[in-house]
Structures are given as structure tokens and as C-alpha cells.
Amino acid sequence: MKNSYSNIFNFNKKILHKTIIYLKKGNVVGLPTETVYGLAGNAYMSESINKIYKFKNRPKRNPLIIHYFNHKQAEQDVIMNKNFYKLYKKFCPGPITFILKRKKNCKVKFSATANLNSVAIRFPKHRIMNSLLKNIEFPLAMPSANKSSRVSPVSAKNVADEFQKKIKIIIDGGKANLGIESTVIDLTGHPKILRPGLITPENLSQVLKIKVKIINKNKTSKSPGLLRKHYSPGIPVIINQKNCKKNCALITFGKKYKNRKNFYNLSRTSNLKEAASKLYETFRKIKKNRYKKIYVVKIPNKGIGIAINDRLKRASN
Ligand code: TXA
Ligand code: MG
């Protein structure tokens with residue numbers, strides 16, 4: 001299907017080949033994953049890393065996630081441990097990012113990891129990412145493809161709208177299935193969650209057979225990138241509300257809310273996974289429809305709801 005964006009491409013062998021050459025030269029591209037769309041560059045090249053930070057206007061102290069095809073590829077760069085293998089076996093490829101210690105001969109550029117002695121690694125589950133990662137001999141540094149502190153993109157168009165023509169290749173992989181960023185777990189010591197996601201604290205605790213907690217990122221220097229203000233739709237977000245004025249929008253959850261023009265329901269059946277997948281899309285819709293503010297009802301703070309509330313809280317900062 002043709003689209004009106006000259007930099008959005010459907011996936012085929014030709015574009016795969018072109019993308020690989022483009023990445024090898026140190027350029028960056030927009031790519032789909034199962035969580036959100038990313039802005040990808042060669043993790044072994046300074047030039048690519050610089051471009052990512054520049055395009056996103058991202059503070060240099062906020063490290064990037066490095067994406068690999070499988071654990072064998074990643075073994076060259078990080079020190080793996082038992083907890084990693086347990087979680088990898090259960091959840092990968094999938095929406096989880098592991099913080100591990102950097103190997104001495106690690107080839108990932110220090111500039112990609114904010115000069116830390118750790119590296120965040122992820123194995124995305126998306127057929128386009130798999131085809132690409134399988135065919136290159138370097139991993140991809142890939143943050144979400146949005147300007148720093150803004151909402152993550154869930155479609156190729158979202159990426160194109162964010163950066164206009166600056167990104168020459170954006171591959172269309174359809175709407176990002178899960179719609180919310182991966183769970184980030186630090187495995188360099190006692191496992192702790194730095195960013196909640198679809199893989200919940202209970203899921204992780206069950207596999208590791210220990211209680212895994214979320215740490216308050218704002219109080220620690222361990223995750224320098226977890227800035228307080230984040231996921232901002234560009235208009236004020238006010239959480240834990242019950243109603244709102246006509247010139248504002250209300251994000252609702254569950255069947256008890258009426259169908260009103262300015263009401264946006266994340267899930268009529270109170271399904272938290274569905275709600276997570278619709279959150280960013282809903283932010284964008286509301287902004288596009290020119291409402292002044294976004295009010296949000298209380299979302300249950302359990303399971304996937306923890307990740308939704310984490311994003312809402314940051315968006316409301
Ligand atoms: O689902 C996802 O994870 C998406 C897709 C594109 O893969 N990527 C993503 O990347 O959300 P980004 O850059 O938006 O978020 C990366 C998060 C940041 O909060 C960063 O601080 C944290 O991971 N992080 C990266 N490296 C780290 C490290 N070495 N130590 C602690 N936190 C780290
Ligand atoms: Mg991001």
C-alpha cells in the first residue's frame with residue numbers, strides 16, 4: 001500500500017539490503033518492535049550513537065538499550081549470569097531489557113551506555129527486527145523513536161511525524177503490538193526493576209524464585225536515564241480524576257464510563273494489557289483533537305497496571 005510519506009517503506013528484501021548498507025555507514029533508521037518503534041544505529045560506531053542522541057535531543061547521561069538477535073551475539077559484550085539465563089529462557093525474544101556488566105573487550109561504544117560499566121541488552125520479538133538482526137554482525141543501539149521526554153511512537157507514521165524528513169528510512173511493521181516499552185531489570189546484583197512493563201514483578205519473581213521489587217529510579221544514580229519528566233504528550237496530564245470539563249479529555253477504564261465525545265476508554269473490559277497498548281495512541285489522538293488537558297481516571301495499580309501508572313505519573317510531572 002502506498003503512503004504519503006516518502007521515507008516510510010514496507011518491508012522486503014530490497015529495503016532490508018538497503019537498510020543494512022545504510023546502518024553499516026553509520027546512519028540511523030526507524031524500526032518497528034513489539035513494544036514501540038525505535039531509532040536504531042550501529043552500537044559499535046560512535047558516529048551512529050552521536051546521531052541518535054542528536055536527533056532525539058537526548059541527554060548524554062541517559063544510556064541506550066542495545067538490541068541483539070540472540071544471547072550468543074550478546075555474549076561477546078556482556079557478562080551473563082544464572083538469573084539472566086532463567087529469564088532469557090522464559091521471556092526472550094520479548095519485551096524485557098537486562099542490565100548486565102560490561103565485558104573488558106565489549107565493542108559497544110561507551111558513548112552508547114553513558115560511560116557506565118553496565119550495558120542494557122534486549123532481544124526484540126518482531127519478524128522485521130529478527131530478519132535484520134540475523135543479517136548484521138553488529139547489535140543495534142535503539143531508544144524509542146521520539147524526541148527526548150515525549151511519548152513513544154507506536155506506528156511508522158508517528159516516527160515520521162516526530163522527525164519529519166530527517167530520518168531517511170523508516171520501516172513500516174504495522175502498529176506496535178504491545179504499545180508500551182520493555183520492562184528493564186538490573187541483574188548486575190540482586191535483581192531489581194528499573195522500569196516496569198508488561199512483564200510484571202510477579203512474573204519475574206516467579207521465575208527467579210525471589211521477590212523482585214521496583215526501585216525508585218529518581219532516588220538513585222543507577223539509572224541515570226530515568227528522568228522524571230517523560231512520556232509527555234505536550235499538554236498537561238492530570239491523574240486520578242473522575243470527570244473533566246468539555247474542553248479537556250478524560251481517559252477512562254472499564255465499562256462504567258459513558259460514551260462521550262471527550263471520553264477515551266482504554267479498555268471497556270478492564271483489560272490492563274489492552275489499556276497499555278492503547279495509552280500512547282490515545283495521548284496522540286487527544287492532542288490531535290486539540291483538547292487543552294488530559295484527565296485520567298484511577299487505573300488499578302497491579303500487574304501491568306503498575307507500568308501504566310508509572311508512565312502516567314511521569315507524563316503528569
Ligand atoms: O521497549 C523498549 O525498550 C524500546 C524499544 C525500542 O526497544 N526502547 C526503549 O529505549 O524504550 P529508551 O532509550 O527509550 O529507554 C531505555 C531505558 C532508559 O530508561 C535508560 O535509562 C535505561 O533503559 N537504561 C539503558 N541502559 C542502562 C544502564 N546501563 N543502566 C541502567 N539503565 C539503563
Ligand atoms: Mg524512550
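This is a predicted model: local features need pLDDT of at least 70, side-chain atom pairs count only at pLDDT 80 or more; totals for chains, interfaces and linings use all residues.
Residues are numbered from 1 along each chain as its sequence is written, and side-chain values use heavy atoms, with hydrogens and water left out.

**The largest pocket**

- A pocket here is an open set of points on a 1 Å grid over the protein atoms alone, where a 1.4 Å probe fits and protein lies on both sides within 12 Å along at least five of seven lines; lining residues have an atom within 4 Å of a point.
- The largest one holds about 540 Å³ of space, the volume being what probe spheres set on the points fill.
- Its lining comes to 18 residues, with Asn-158, Asp-161, Arg-284, Lys-285 and Lys-288 nearest the centre.
- Helix H6 (156-163) and H8 are the elements that give two or more residues to this lining, and H8 has the largest share, with six.
- Helices are DSSP runs of H or I with at least four residues, strands are E runs of at least two, and both are numbered from the N terminus.

**The nonpolar core**

- A nonpolar core is a set of buried Ala, Val, Leu, Ile, Met, Phe, Trp, Tyr and Cys residues joined through side-chain atoms within 4.5 Å.
- Buried means under 20% relative accessible area, exposed means over 50%, and partly exposed is in between (1.4 Å probe, protein chains only).
- The largest core has 101 residues, and Phe-98, Ile-121, Leu-140 and Phe-283 have the most contacts inside it.
- Helix H8 (residues 272-288) puts in the most, with seven residues.
- Another core, of five residues, lies apart from it and includes Ile-65, Ile-99, Val-184 and Leu-194.
- Setting aside residues up to four places away in sequence, Leu-140 touches a list of residues including Leu-23, Leu-31, Gly-41, His-67 and Met-129, where contact means heavy atoms within 4.5 Å.

**Salt bridges**

- There are eight salt bridges in the structure, each one a side-chain nitrogen of Lys or Arg within 4 Å of a carboxyl oxygen of Asp or Glu.
- Arg-122 and Glu-34 pair up at 3.0 Å, N to O.
- Arg-122 sits in strand S7 (residues 118-122) and Glu-34 in the loop between strand S2 (29-31) and strand S3 (38-42), so this bridge ties together parts 88 residues apart in sequence.
- Both Arg-122 and Glu-34 are buried.
- Arg-311 bridges to Asp-310, with the closest N and O atoms 2.8 Å apart, and both of these residues are buried too.
- Glu-181, Asp-310, Arg-311 and Arg-314 link up in a salt-bridge network.

- Glu-47 and Lys-51 form a salt bridge, the closest N and O atoms being 3.8 Å apart.
- Both lie in helix H2 (residues 46-56), four residues apart, or about one turn of the helix.
- Glu-47 is partly exposed, at 41% relative accessible area, and Lys-51 is partly exposed at 24%.
- Gly-26 is in the loop between helix H1 (13-24) and S2, and is buried at 0% relative accessible area.
- Leaving out neighbours within four places in sequence, Gly-26 contacts Met-45, Glu-47, Ser-48 and Lys-51.

Technical notes. Chains are lettered from A and ligands numbered from 1 in the order in which they are written.
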